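We'll take a walk through it, one region at a time.

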Amino acid sequence: MSILQGKKIILGVSGSIAAYKSVELLRLLMKEGAEVQVLLTPAAKYFVGELTFSTLSKKPVFSAIFDEKNTQHYWANHVALGKWADLIVIAPATNNTIAKLSSGICDNLLHAVYLSATCPVIIAPAMDIDMHEHPSLRQNIQNLKKFGNIVLPTNSGELASGWVGYGRMLEPHQILEHIIHIFMPKWHQSLSHRTVLITAGPTQEPIDPVRYISNYSTGKMGYAIANAYLKQEAKVILISGPTVLPEPSHNNLTVVKIKTAEEMFEATRQYFSIADTFVMTAAVADYKPKQKLALKLKKHQDNPSLHVELIQNPDILKWVGHHKKKGDFVVGFALETHNEEQHALEKLTSKKADMIVMNSTQFPNATFGADTNEVIVYTHTHPKYHIPNKSKQELAYHLIHYIETVRT
Ligand code: CTP
């Protein structure tokens with residue numbers, strides 16, 4: 001069962017082009033089993049219609065502070081809603097909304113509910129670069145943080161104006177990570193003493209300048225583990241193959257982008273000595289073409305079949321397992337289609353790992369690129385540990401917690 005199952009969440013949406021992403025955030029929350037009440041500011045309705053939100057949330061959407069027909073009913077609602085919620089998420093929060101929340105202005109239903117609430121509040125800003133750079137925003141955000149709200153950073157990228165810079169609202173799955181974190185049992189142990197090297201995503205092994213061999217990995221699991229560690233204050237080195245996931249940014253994070261298994265291996269060896277925890281989630285291509293052709297391979301009519309000679313790539317996990325230092329902890333992943341337990345245990349031994357996290361194509365929800373995962377974890381010292389189907393973010397927390405349990 002998801003940690004968000006049955007949680008009462010108010011999703012406040014204000015008037016920004018990023019409001020379209022709130023629809024996806026709502027969908028993710030509903031998938032996790034949360035009960036979501038959407039509140040739109042009047043400006044938000046210019047961007048996304050109420051019908052979209054009410055259909056997905058299976059509830060009417062509230063917007064006006066006064067209703068012409070039934071003023072009393074809506075006016076009473078802001079207190080009731082504020083007390084009802086386990087969490088308020090305001091995404092996107094425009095400059096205008098942030099300024100009003102910061103100074104206690106109460107001119108729409110969302111602001112009124114915010115002022116009545118006693119639950120945690122997450123604010124995901126979205127605005128163009130000019131507003132983002134204005135000192136008033138920094139001041140307002142500082143105020144909101146002082147009041148105990150969680151104000152998320154923004155992503156850098158192309159903005160509605162065409163300018164490039166900070167101001168893009170975080171992606172829905174990044175906001176979901178923060179939401180899940182609020183509800184995770186409070187884990188007071190800081191991992192600030194850990195330096196974690198994580199490999200993630202697929203590798204690409206070039207055949208010629210325009211083709212490569214790769215696999216379906218998206219990197220979601222590795223990125224979720226990186227975020228979970230960052231939340232627990234660990235230092236993280238994320239060595240990532242090509243993915244479409246937005247690059248996380250954090251003071252404690254180093255991201256190394258690579259394409260091939262050889263490059264991933266080189267980066268791993270470069271950071272090996274400073275890390276004490278290794279979580280190898282990458283789907284490394286086991287083989288690569290013996291040679292990368294300098295020119296594009298052309299099709300020949302008289303040659304209906306083609307042979308590309310493949311040679312083995314280095315086994316990065318195995319290298320780490322065999323070179324680990326005293327006190328290091330090495331975690332491998334194994335995706336299996338059959339004889340799962342036997343193969344997982346073989347990998348635990350042959351790669352000298354301390355833990356193998358196995359998922360199987362036989363598990364009912366197993367699909368590449370899914371937002372959820374189910375695993376069985378094998379170690380040398382503890383009985384096997386089954387983590388049932390959960391969002392990858394939630395599963396990441398269970399895993400890093402379990403790693404600490406096993407290594408002590
Ligand atoms: N791995 C690695 N380097 C490789 C291959 C795999 O570091 N060249 C790591 C993966 O990141 C994962 C673990 O090894 O943590 C298991 O990968 P998997 O492909 O399942 O194992 P293989 O040893 O390649 O075995 P097989 O493909 O035969 O199942």
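How many Å separate the centres of domain 1 and domain 2? Taken over C-alpha atoms, the two centres are 35 Å apart. Bear in mind as you look around that this is a predicted model. The domain assignment puts residues 8-183 of the protein chain in domain 1 and residues 195-407 in domain 2.

Now zoom in on the place where the two domains meet. Here 12 residues of domain 1 are in contact with 11 residues of domain 2. How big is that in terms of surface? The size of an interface is often given as the accessible area lost when the parts come together.

Two helices, H1 (19-31) and H8 (172-183), each supply at least two residues of the domain 1 side that touches domain 2. Of the elements on that side, H8 gives the most, with 7 residues.

Side chains of opposite charge can pair when their charged atoms come close. Across the interface of the two domains there is 1 salt bridge. Look also at Lys-31 and Asp-371, whose side chains meet in a salt bridge with 3.5 Å from N to O. The whole structure has 20 salt bridges. Another pair to find is Lys-21 with Glu-171, where the closest N and O atoms are 3.2 Å apart. This pair ties together distant parts of the chain, 150 residues apart: Lys-21 sits in helix H1, while Glu-171 is in the loop between strand E7 (164-168) and H8.

Next, move over to the ligand. Which residues are closest to the ligand? Met-280, Ala-282, Phe-333, Lys-347 and Lys-351 are, out of 14 residues that surround it. A polar backbone atom of Pro-314 is 2.9 Å from a nitrogen atom of the ligand, and a backbone N or O atom of Ile-316 lies 3.0 Å from a ligand nitrogen. For Phe-333, a backbone N or O atom lies 2.8 Å from an oxygen atom of the ligand.

Before you close the viewer, check two spots in the backbone. Most residues other than glycine have a negative phi, and most peptide bonds are trans. The peptide bond from Ala-91 to Pro-92 is cis, with omega near 0°, and Pro-92 has its place in strand E3 (residues 87-93). Asn-339 has a positive phi, near 40°, without being a glycine. You'll find Asn-339 in the loop between strand E16 (329-336) and helix H12 (340-350).

How values were computed: Residues are numbered from 1 along each chain as its sequence is written. This is a predicted model: local features need pLDDT of at least 70, side-chain atom pairs count only at pLDDT 80 or more; totals for chains, interfaces and linings use all residues. Side-chain values use heavy atoms; hydrogens and water are left out. Domain bounds come from an automatic or database domain assignment. Contact means heavy atoms within 4.5 Å. A salt bridge is a side-chain nitrogen of Lys or Arg within 4 Å of a carboxyl oxygen of Asp or Glu. Helices (H or I, at least four residues) and strands (E, at least two) are DSSP runs, numbered from the N terminus. A residue is near a molecule or strand if one of its heavy atoms lies within 4 Å of it. A polar contact is a pair of N or O atoms within 3.5 Å; within protein, one must be able to donate a hydrogen and the other to accept it, and residues adjacent in sequence count only if both atoms are side-chain atoms.
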